[in-house]
Amino acid sequence: MRSGLNKQGHKVIKSQGHKLKATGRRWILLAACSLFFLFFLLGLTSRPKPRVYIRTLKNKHYQLIVEGKPYIVKGVCYNPIPIGESHEYDWWSDKNKPWIVDGKLMQEMGINTIRIYSCGENPEDVKRVMRDLYELYNIRVIVGHWVGLWNYPCPSYGDKEFQQKITKEVLEVVELYKDEPGVLMWVLGNENNYSCLGRVRPWSTEKIDNEPDPQTQIFMRAKIYYSFINELTKKIHEVDPDHPVALGNGELMLLDVANQFCQDIDAVACIIYRGKSFGNLFNSLRTTFDKPIVLTEFGADAYNAYDKKEDEGMQAFFLESQWRHIYENLANEEGAGNCLGGTSFEWSDEWWKHNESDPEGWNIHDTESFWGQGSYYIDAKAGKNINEEWFGIVALSEELENGLNKRTPRKSYYVIKEFWRNPKLKKDDK
Amino acid sequence: MKRIQSLALTLCILVALTTCVFAVSEEFVVYSDKNSSDNHYIASGWMGDHGDLKLNDQSMQEPQSGKTCIEVVYIAKKSQNQGWAGIYWQNPANNWGNKKGGFDLTGMTKITFWAKGAKGGEIISKFMVGGIKGTYPDSAEVEEGPIELTDTWKQYSINLAGKDLSYISAGFAFVVNADMNMDGATFYLDEIKYEADPDVKPQGRKKEDMPFYVFADRGSINNHFIPSGWMGDYGDIKYNGGSNEDPYLGDTCIKIVYTGAVSQGARWAGLYWQHPPNNWGNQDKGFDLSQATKLTFWAKGAKGGERIEEFKVGGIMGEYSDSDSASIGPVILNPEWTQYTIDLKGKDMSYIIGGFCWGTNVDVNPEGATFYLDEIRFE
């Protein structure tokens, strides 16, 4: 093969007949193959990021990323039970669509997320709610599943058949809703870890029963439970790589065991009531189970059990203080940097709670306290100072508006709205 | 001319006033000598087992300076069933916050006093400044103790720098208790005064040295928490902080009898060791135990097999909550002394008011439980 320059000075290859043509074709083929291989490799490495995922920053802080952008969970637990109904009410199919009214108020406040404890029975109803909230108000949903906590008889996490049954249920939920654009993440369980301690819904196995040491018994239960959650998480990841899976957990109890057996979980969804702050929660999690945390249940009630009257200021004081502590521990703040945000308990009051088996009581806004917690110190002198029917940041009244109980935002609604607009952290105060 | 005279007079008055204020701002006396015109407070606020106290404010028993000092005799007979006693120096006398009085002591940075015991070894639970509540509350409350006295005069100082001393009606106080002075105590005080010492700077919360005891022995000066937080069926608990039934170390240990009688209907009972007593998070007085990596204690059951659901550190929730909590349990006790450890690594021990706690219930101890504790300490 000879070469020279043409009139334009470009290098040309002078043909030497068909043999040369064949060699040229081979080069083209080789180049095409190389390009194809290159694109294949590039395709492998540049697989699109999940729709929602948690990024670990260089400073080891955790940040939730949604559609490519950092996202702070600013939310509420949502269970809009009307006055006169109980927790069994299927609000998902409510013809008056409470989420439309609530969603508007939420959007005005700055809420971007609701947490639901479980989905309604009719998938079409659930999808409609999710779509309405997302499309109308840009509000996403943290989808929970009880993981059999309230099954009868008590859950038996050591029983393979029970595990299979729950796995099937959970994966069905994931399959049904994973493509809904409003889904933010999955939460497995609520305070199910307390069942390992025997505090609620106690369960056991023959092997555990034969163990004489009660501390070892607790460890054995926790190992079974968290291992099961880990397997479930892996299965969800296979079905839905687009959303994180969080572990619902009461306080930080037994997370040292989760650290050994539940490493596939993406985040901890913590349920915690500690008054004006969360104490050492965020740093403590760093040392026991270093995962991102979203506070999926916290808050304060709006009834002063000592003064025996509604106290919106008290609720607003605690909620603002709690949100400040959350913000101090977000990524790139001065705290532990492992908090993704939270969903406070809760959007609206639930009047059925005092005595759920008494339908007449569902029409009464009961003021009897359920339990005492000194960290809510403003009315702690009352002893039992927690009023479960008064946790809403929105009060309900018996007056109806378009078929729904009239909603009246409490002071905390406005205080948190302002805080989210202009978060003042401790460092700003200095 | 009259104007000049008037101006000169005004200047003289101003100079005199300035000198006077300056003198006041240098030191302010609580007690220097009986009948001294410098004394500003009266020893009128008798507390607790006041029948156990005698005070002589003109003792001539080798005063540290001047002609007299204060002699206090505490007989520890628990006359009013309190187990402790104390006296406030008040202004005006008997002012428990119901009268306007007191002084603005802004600018003072410390209070100093001299003290000695008749024999040495007398333990004063705490010396205090301020702390009176009521309609006219003191603007500050500062305390220091326990302090073990020597048999010779020694000067003590309490740092007040950075405290709001704008209204102090209780200029000084002491508290003693029977546990730490089982045979009573006689001690002396002299030259109690506030001083404006520019070298004294505000003090942060002190990081306590380790080991730091919750309970060492009955009446030990090393005991830092009080078993005052009785919970649940508190009527089911009998507490003996001076049991001499085979203590693990020292002369005494703690004996607890839980009857399981369900006196208050709770079906469970527990006890917190608190600082100060009865502090359920309503007093900002926690210890900084940041240097602790564990809490250890020794325990045994009277028979063995007694089940304690939880042993715990911290966890009191209130306006001033414990900074963290850690626990072990359930624990089934052995009949012989066994050491237990609560791991505190990674915990925030910077503010602790609940030094130790146990809790159990009748369901796991249907016939009640008798158990012993000793050497409870942070390390």
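## Confidence in the model

The predictor assigns the complex an ipTM of 0.81 and a pTM of 0.83. For chain B, the mean pLDDT is 93, and 93% of the residues in that chain reach 70 or more. One stretch of chain B stands apart from this: residues 14–24 have pLDDT below 50. Where pLDDT is low, the predicted coordinates should not be read in detail.

## Chain B as a whole

Chain B contains 1 helix and 26 strands. Along the principal axes, its C-alpha atoms fill a box of roughly 100 × 45 × 35 Å.

Chain B has 379 residues, and 42% of them count as buried. Its contacts can also be described by separation along the sequence. Among contacts between residues at least 6 apart in sequence, 79% join residues at least 24 apart.

## Where the chains touch

In the contact between the chains, 15 residues of chain A meet 15 residues of chain B. On the chain A side, the elements that give two or more residues are helix H7 (214–239) and helix H9 (281–288). H9(A) provides the largest share of that side, with 4 residues.

The chain A side can also be sorted by residue class. It has 3 nonpolar, 11 polar and 1 charged residues.

## Two helix pairs in chain A

Helix H4 (residues 160–177) of chain A packs against H7(A) at an angle of about 30°, and their axes are 10 Å apart. An angle under 35 degrees counts as roughly parallel, so H4(A) and H7(A) are roughly parallel to each other. The crossing of H4(A) past H7(A) is right-handed. From H4(A), the residues A:Gln163, A:Thr167, A:Val170, A:Leu171, A:Val174 and A:Glu175 meet A:Phe228, A:Leu232, A:Lys235, A:Ile236 and A:Val239 of H7(A). This contact between H4(A) and H7(A) has 7 nonpolar, 2 polar and 2 charged residues. H7(A) also belongs to the elements that give two or more residues to the side touching chain B.

The second pair is helix H10 (residues 312–328) and helix H11 (residues 411–421), both of chain A, whose axes come within 8 Å and cross at roughly 25°. That angle makes H10(A) roughly parallel to H11(A). The crossing of H10(A) and H11(A) is right-handed. H10(A) contributes A:Glu312, A:Gly313, A:Gln315, A:Ala316, A:Leu319, A:Glu320 and A:Trp323 to the contact, while H11(A) contributes A:Lys411, A:Ser412, A:Val415, A:Ile416 and A:Phe419. By class, the residues of the contact of H10(A) with H11(A) are 6 nonpolar, 3 polar and 3 charged.

## Cis peptide bonds

In chain A, the peptide bond from A:Phe345 to A:Glu346 is cis, with omega near 5°. A:Glu346 lies in the loop between strand E15 (339–344) and strand E16 (394–401) of chain A.

In chain B, the peptide bond from B:Gly145 to B:Pro146 is cis, and its omega is near 0°. B:Pro146 sits in the loop between strand E9 (141–144) and strand E10 (147–148) of chain B.

## Positive phi angles

A:Asn402 is not a glycine, yet it has a positive phi of about 55°. A:Asn402 is in the loop between E16 and strand E17 (404–409) of chain A. With 10 other C-beta atoms within 10 Å, A:Asn402 is exposed, because 12 or fewer such neighbours is the cut-off for that class.

B:Ala76 likewise is not a glycine and has a positive phi of about 55°. B:Ala76 belongs to the loop between strand E4 (69–74) and strand E5 (84–90) of chain B. B:Ala76 counts as buried, with 20 C-beta neighbours inside 10 Å.

## Around B:Gly184

B:Gly184 is found in the loop between strand E12 (170–177) and strand E13 (185–195) of chain B. B:Gly184 is partly exposed, with 15 other C-beta atoms within 10 Å.

Leaving out residues up to four places away in sequence, B:Gly184 touches B:Tyr74, B:Ile75 and B:Ala76. Of these, B:Ala76 is the residue with the positive phi described above. B:Gly184 and B:Ile221 are 37 residues apart in sequence, and their C-alpha atoms are 15 Å apart in space.

Definitions and conventions:
Residues numbered from 1 in each chain as written. Chains lettered and ligands numbered in written order. Predicted model: local features only at pLDDT ≥ 70, side-chain atom pairs only at ≥ 80, totals over all residues. Axes fitted to C-alpha atoms, helices over the stretch in contact; angles between N-to-C directions. Parallel < 35°, antiparallel > 145°, perpendicular 65-115°, else oblique. Left-handed = near helix turned anticlockwise from the far one by under 90°. Contact = placed C-beta atoms within 7 Å. Nonpolar A, V, L, I, M, F, W, Y, C, P; charged D, E, K, R; others polar. pLDDT = per-residue confidence, 0-100.
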